[in-house]
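Let's take a friendly walk through this model, starting with strand pairing and ending with pockets and rings. Please keep the 3D view open as you read.

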Amino acid sequence: QVQVVESGGALVQPGGSLRLSCAASGTILSIERMDWHRQVPGKQRELVATISSGGNTNYADSVKGRFSISTDIAKNTLYLQMNSLRPEDTAVYYCQAIIKTRGRPGSDYIGSYWGQGTQVTVSS
């Protein structure tokens, strides 16, 4: 019904930049919030940045001033611009979309949808 797909992960040098994209598709009645998370093996998944339907943004302290979250509403697409990347930014980055959608019988409901993740590696 709703699909979320991330892209843009790559190997990048420390201090470099990268832009991740997250495209949501399917029956989307409204998007309540979209988030970027990241996870390193052996550690809990970390919330990196969020953006609300009204455009309000929030960032984890570790990425403030370096990362920027934004959306293209017409395309149902989420972006994460990452600048001044550090080795500790290395992780699998996941997109989460909280979306109101139409159920199979025609009933509306709010669901949380996750992408499969995209690998970001910051290394020399």
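Cysteine 22 has leucine 78, in strand S8, as its bridge partner. Before going further, please note that this is a predicted model, in which local features need pLDDT of at least 70 and side-chain atom pairs count only at pLDDT 80 or more, while totals for chains, interfaces and linings use all residues. Residues are numbered from 1 along each chain as its sequence is written, and side-chain values use heavy atoms, with hydrogens and water left out.

**The sheet**

An open sheet is built from 4 strands in the order S1-S3-S8-S7, with antiparallel pairing. Strands S1 (2–7) and S7 (67–72) are at the edges with a single partner strand each, so one side of each has no neighbour in the sheet. From one strand to the next, the twist averages 15°. Strands here are DSSP runs (E, at least two residues), numbered from the N terminus, and two of them pair if DSSP finds at least two bridges between them.

| Strand pair | Bridges |
|---|---|
| S1 and S3 (residues 18–26) | 6 bridges |
| S3 and S8 | 6 bridges |
| S7 and S8 (residues 77–82) | 6 bridges |

Serine 7 stands opposite serine 21 in S3, and serine 70 has tyrosine 79 in S8 as its bridge partner.

**The largest pocket**

What is the volume of the largest pocket? The value is about 190 Å³. A pocket is an open set of points on a 1 Å grid over the protein atoms alone, where a 1.4 Å probe fits, with protein on both sides within 12 Å along at least five of seven lines; lining residues have an atom within 4 Å of a point. The volume is the space filled by probe spheres set on the points, which are joined across faces, edges and corners.

Of the 14 lining residues, Ile31, Ser52, Ser53, Thr71 and Ile73 are the closest to the pocket's centre. Strands S4 (30–39), S5 (46–52) and S7 each supply at least two residues of the lining, and S4 gives the most, with 4 residues.

**A charge over two rings**

Arginine 45 lies over the face of tyrosine 94, 3.8 Å from the ring centre. The charged end of arginine 45 also sits over the ring of tryptophan 114, at 4.7 Å from its centre. Such a placement requires NZ of Lys or CZ of Arg within 6 Å of the ring centre and within 35 degrees of the ring normal.

Methods:
Axes are lines fitted to C-alpha atoms, for helices over the stretch in contact, and angles run from 0 to 180 degrees between N-to-C directions.
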